[in-house]
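Hi there,

Here is the structure I promised to pass on. Have a look at it first, and then read my notes below.

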Amino acid sequence: MSNDILIPGSICARLVDAGIITTEQLKEALEIQKTSKQLIGTILTQLGYCTEEDVARMLASKTGHKFVSIDEVGVNIAVANLITPELAIKNNILPIYEEDGIVYVAMKNPNDILTVDYLRMLTGYEICPVVAADMELQVAIENFANMNNGVDNYDDEEEDVVESENLDIDDKPAVQLVNQIINNAIKAGASDIHVEALEKYMRVRFRIDGVLQEIMQNPIKMYSAVISRIKVIGGMDIAERRIPQDGRATVKFEDKTMDVRIASMPTVYGEKVVMRLLERSNTNVVTLKDLKFSPRQFDRFNNAIHMPYGFVLVTGPTGSGKSTTLYATLAEISTLEKNVITLEDPVERRMSGINQVQMNNRAGMTFAAALRSVLRSDPDIVMVGEIRDSETAKIAVEAALTGHMVLSTLHTNDAPGAVTRLDEMGVEPFLTASSLVGVLAQRLVRRLCPKCKEEYEITHAELKKIVPDLETYGYNKPSYKLYQAKGCLTCNNTGYKGREAVFEFLTVTEEMKRLILDRATVAEVKELAISQEMKTLKDEGLYKMMEGSTSLEEVLRVIV
């Protein structure tokens, strides 16, 4: 490498010709190389004379291969899974995407013809080597390898099921694939795994940050074995395929213990299975501050939950984060001096210092029955996982009237809708007016990836076409700086990383109580709440968009 400076067309010569480094800088690097034995490109990068991308682009130019930024194009996990992590690490390679039947493979040495031929034979695809920056390639390979570490083991009860004779030796690839799927889902932070048969192949999708993403496709011939394996794990009947079934399992992965709820459903191409992942942990308890309330919402909600007694409802659709909000609330108001009891189905997160009760409908342990019993246990704070029927609603309201703080959830579109919903469930208006302290409605929006989000400017007229009532929320500037999703390796090329809640809190004032007693409509309740400075979900969504937390497209998808 010390003579590289003299070779026309070499990487070093190309860096000098491109004006990226000077001859003097190259000489300095060559002197260092005599003792360090490092590659000249590495030394130049460490000295700050060029970037890894500069070196990679020159390598691509020299070898005649395409340069690719993995941060920009991302890694298609289904394509990466064409090879094993061991092969990726050993050869410093990673398949990153497929286009028109050609698999593009990032390679440290794109001229390694033997490896290219082996990949062609192994995958059955035409292989096109591409060049990427060293660090990007190493990070991508490490992420891929980490996602493919096997699920360590199932708990003792599940181990007995797994080792049963329902699966023979031919099903071992299915065992490995199911382990890999669950592992990948936990690593990716997925809340649900969808395994389904289509006409010609098996598809696996993960729900990440509230959105389903296709992760892999597998031959349809593997489908029956995979479904049987999942059913065995969940203690379900593998012979019954005509009716829906439910199952449960517990898996251990690294330092995490996950409860898995499994549901199967027959479809025209075979059974579809959905696995809901719930982490069983009492560490890293979410706090109210972690929920990122806007300042204008937090004080109103905080005042309500610190009242000595009353009824506080959290509303929203399935998967909107209601349970997380309730756990954060309990963490805020629970003290040694208070007896806190929760009724849950299932217990999603274990919390120290709190008495958590698991519902069991088959044994007659319903929310209503459990709530009656709990009220005889001298509670100060009661959390009811969900108001599902009129009996539970009435008991919860009566408990709030008798000196208890009651927290629960309800399925309504917004906070004002919860007021009328209680009336529809048979709770007398005078009881609701006397007990209800406030209602929190919420949605989850995906947070823009901080590494790759892009700023852009939009005029008031352009934004008004999309949000016609824009002025209603106090936006009257000529133009606005917003952010949009781009996509990089950090966010798996989605443009989003994580989620945060958008809240709407209705405070039950004296005027609101009069409306409740008069059985006012949802529209009337909402009008009064807004006049009393309630910020709606749409208002809060636009607020988060303007501060750069999320995008206009995400607000439109979830709220508007």
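In what order do the seven strands of the open sheet come? The order is β14-β13-β15-β16-β12-β17-β20, with mixed pairing. (Two strands pair if DSSP finds at least two bridges between them; strands are DSSP runs of E with at least two residues, helices are runs of H or I with at least four, and both are numbered from the N terminus.) Since β14 (355-358) and β20 (496-507) stand at the edges, each has a single partner strand, so one side of each lacks a neighbour in the sheet. From one strand to the next, the twist averages 20 degrees.

Before going on, a word on the source: this is a predicted model, where local features need pLDDT of at least 70 and side-chain atom pairs count only at pLDDT 80 or more, while totals for chains, interfaces and linings use all residues. Residues are numbered from 1 along each chain as its sequence is written, and side-chain values use heavy atoms, leaving out hydrogens and water.

Leu343 has Val357 in β14 as its bridge partner.

Now for two helices. α20 (residues 510-517) packs with α21 (residues 522-531) at about 175 degrees, their axes 10 Å apart. (Axes are lines fitted to C-alpha atoms, for helices over the stretch in contact, and angles run from 0 to 180 degrees between N-to-C directions.) That makes α20 roughly antiparallel to α21, a term for angles over 145 degrees. Glu511, Met512 and Leu515 of α20 meet Glu524, Val525, Leu528 and Ala529 of α21 in this contact (heavy atoms within 4.5 Å).

Happy exploring!

Notes:
Parallel < 35°, antiparallel > 145°, perpendicular 65-115°, else oblique.
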